[in-house]
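This briefing covers side-chain pairing and model confidence. The structure comes first, followed by notes grouped by topic.

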Amino acid sequence: MSENKSYRKNLRFPEHTKEKLIGIQYYANIWFDIVRAQKTYIIDCYAGTGYCEIEDDNTNIKGTALISVDLFTKDEKNNFKVILINNNSDQCHRLEENLLDYIKKKKFKANLGSEIIIKNMDWKLEIPEILEQTSDGIRLFLLDPFGIKSIPWNNVENLIKNAKSEFGYKESGFEVLINWAWHKIRRIIGIYYKNGNNKKEFSNLDDFFGPVKWKEIVDKYPNTIFKNKNNDQIEKLAYDLVQVYVKHFFKYFKYVKIHPVHFRKKRKESHLKEKGKIKYFIIFASNFYDALEIIDRPFKESRQKKIFPVIPTAQSTLYKWIPKSIKNTIKKIDNKIKLSINDKIKRLEIEIGDKLYPISKDIIIFLYYRKSYDYGCPDFALYERFEINSEIYLPFLLEKKIIGIRKWKSKSGLIFDYYFLIHPILVDRKEYLFLNDQIFEHKSGEFIEIKNSTI
């Protein structure tokens with residue numbers, strides 16, 4: 001009986017879990033609509049049991065495993081597979097039962113079981129093999145652990161470095177979403193501030209942050225901020241740490257989104273002191289710009305929702321809990337200039353001081369609408385579509401630095417030349433961090449806030 005109670009505790013989650021799951025569900029559905037014509041994989045490294053029991057109202061909602069399985073209703077070409085990893089054998093068994101029951105009730109296609117792979121393993125041991133098995137498709141990785149011990153930076157980096165091709169280019173088709181457990185980090189920092197001598201805990205934090213020297217950042221703050229409940233300083237520390245952490249993602253990704261998830265309603269009055277504080281950050285990284293805009297839609301809504309207290313008190317929006325230092329600098333990104341591709345080509349001709357041949361314009365337009373392929377395509381696709389001689393048109397576009405060329409490997413292992421747009425009038429190839437409603441350019445290891453954006 002005691003074992004069952006302990007197991008049930010792992011199934012129960014606070015109210016704010018809904019915020020995370022709504023965001024993942026919203027993104028996964030739109031993401032799959034975009035990529036489902038190709039081989040596609042979702043790899044859930046902490047798959048749970050399929051359901052999450054919300055402790056505030058005792059309701060069961062679908063977890064990431066079942067959210068992923070729901071996408072099979074759109075898998076008309078049988079291109080989709082789901083890999084679910086859980087190193088807890090009891091939870092893995094419960095996950096299998098829940099999946100079989102769910103598939104039966106929803107009347108999915110008969111062979112669906114073969115498209116869902118459940119692995120009762122530590123994800124760190126399983127990932128090398130999974131990366132090899134899924135290299136022929138689009139991949140979305142979910143890392144949602146209970147703490148920090150199981151996601152040391154070395155393993156995270158070994159995963160995300162696959163967003164970069166073997167030729168050194170940041171490619172679309174590989175994305176990762178990570179639950180960055182600030183509430184666990186905060187507890188260890190509290191021990192550190194008390195001059196605690198917990199080498200094991202500090203070692204876990206060292207492993208988690210990897211190249212980030214977290215102690216140097218923490219030492220910039222008074223060691224009394226937790227004791228004095230200085231929430232503004234505590235949250236500023238949280239933002240400092242998470243931003244330095246994601247700087248290392250830009251070795252492999254062009255775009256990173258950070259979304260803070262706050263404590264929500266609690267049934268016990270003793271938990272009221274946590275109301276409004278950051279529970280964790282969701283880190284989402286992609287090389288496809290539109291992905292960041294898509295996933296931020298539900299998150300933007302949640303940032304405007306009110307925190308509901310257990311006892312009648314004045315309701316406060318989440319905005320109240322954003323640190324003053326950040327709140328004062330938040331500006332909406334207005335006046336976005338959306339130019340058509342034809343308008344951009346006209347500006348391009350003025351910039352280069354030359355008129356483009358009609359076929360050169362057609363090549364540019366063709367590449368421009370291949371946004372999800374990094375505005376490019378292999379050489380053979382250009383030759384087939386336009387019946388062009390590469391010695392006539394492509395060298396001119398290369399000379400004017402309108403397009404670039406790099407090596408590209410097909411899923412079958414063949415290597416081709418890959419042409420892609422590079423001119424800044426046509427495409428924006430800068431790296432960006434999206435934090436709440438702010439946008440920062442990542443340049444030379446630093447973040448520069450963008451006051452007015454045309455991206």
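At 1% relative accessibility, tyrosine 239 falls under the 20% limit and therefore counts as buried. The model is a predicted one, with an average pLDDT of 83 over the protein chain. The points below take up its aromatic pairs, charges over rings, salt bridges and confidence.

**Aromatic pairs**

- Tyrosine 239 pairs with phenylalanine 281; the ring centres are 5.4 Å apart and the planes stand at 70 degrees, so the pair is edge-to-face.
- This pair links distant parts of the chain, with tyrosine 239 in helix α10 (residues 231–246) and phenylalanine 281 in strand β10 (residues 278–286), 42 residues apart.
- Phenylalanine 281 has a relative accessible area of 0% and is therefore buried.
- Across the whole structure, a search finds 36 aromatic pairs.
- One of them joins tryptophan 180 and phenylalanine 208 in a tilted arrangement, at 5.8 Å centre to centre and with 50 degrees between the planes.
- The tryptophan 180 and phenylalanine 208 pair also links distant parts of the chain: tryptophan 180 belongs to strand β8 (residues 174–180) and phenylalanine 208 to helix α8 (residues 199–209), 28 residues apart.
- Both tryptophan 180 and phenylalanine 208 are buried.
- Ring pairs connect Trp153, Trp180, Phe208, Phe209, Tyr239, Tyr245, Phe249, Phe253 and Phe281 into a cluster.

**Charges over rings**

- Arginine 370 sits over the face of tyrosine 373, 4.4 Å from the ring centre.
- Arginine 406 lies over the face of tyrosine 169, at 4.8 Å from the ring centre.

**Salt bridges**

- The structure contains 23 salt bridges.
- In one of these, the side chains of lysine 39 and aspartate 136 meet at 3.0 Å, N to O.
- Arginine 406, already named for its place over tyrosine 169, forms a salt bridge with glutamate 171, with the closest N and O atoms 3.0 Å apart.
- Glutamate 171 lies in the loop between α6 (153–160) and β8, and arginine 406 in strand β14 (residues 403–409), so the pair ties together parts that are 235 residues apart in sequence.
- Glutamate 171 and arginine 406 are both buried.
- Lysine 355 and glutamate 349 form a salt bridge whose closest N and O atoms are 3.8 Å apart.
- In this pair lysine 355 counts as exposed, at 65% relative accessibility, whereas glutamate 349 counts as buried, at 9%.
- Salt bridges that share partners join Glu171, Lys254, Asp374, Arg406 and Arg429 into one network.

**Model confidence**

- Of the residues in the protein chain, 84% score a pLDDT of at least 70.
- Residues 1–10 have a pLDDT below 50, and this stretch makes eight contacts in the model beyond near neighbours in sequence.
- Over residues 308–336 the pLDDT stays under 50, and the model has 60 contacts for this stretch beyond four places in sequence.
- Where pLDDT is low, predicted coordinates should not be read in detail.

Methods: Residues numbered from 1 in each chain as written. Predicted model: local features only at pLDDT ≥ 70, side-chain atom pairs only at ≥ 80, totals over all residues. Heavy atoms only, no water. Phe/Tyr/Trp six-rings, centres within 6.5 Å; stacked < 30°, edge-to-face > 60°. Helix = DSSP H or I, 4+ residues; strand = E, 2+ residues; numbered from the N terminus. Buried < 20%, exposed > 50% of the residue type's maximum accessible area, 1.4 Å probe, protein only. Lys NZ or Arg CZ within 6 Å of the ring centre and 35° of its normal. Salt bridge = Lys/Arg side-chain N within 4 Å of Asp/Glu carboxyl O. pLDDT = per-residue confidence, 0-100. Contact = heavy atoms within 4.5 Å.
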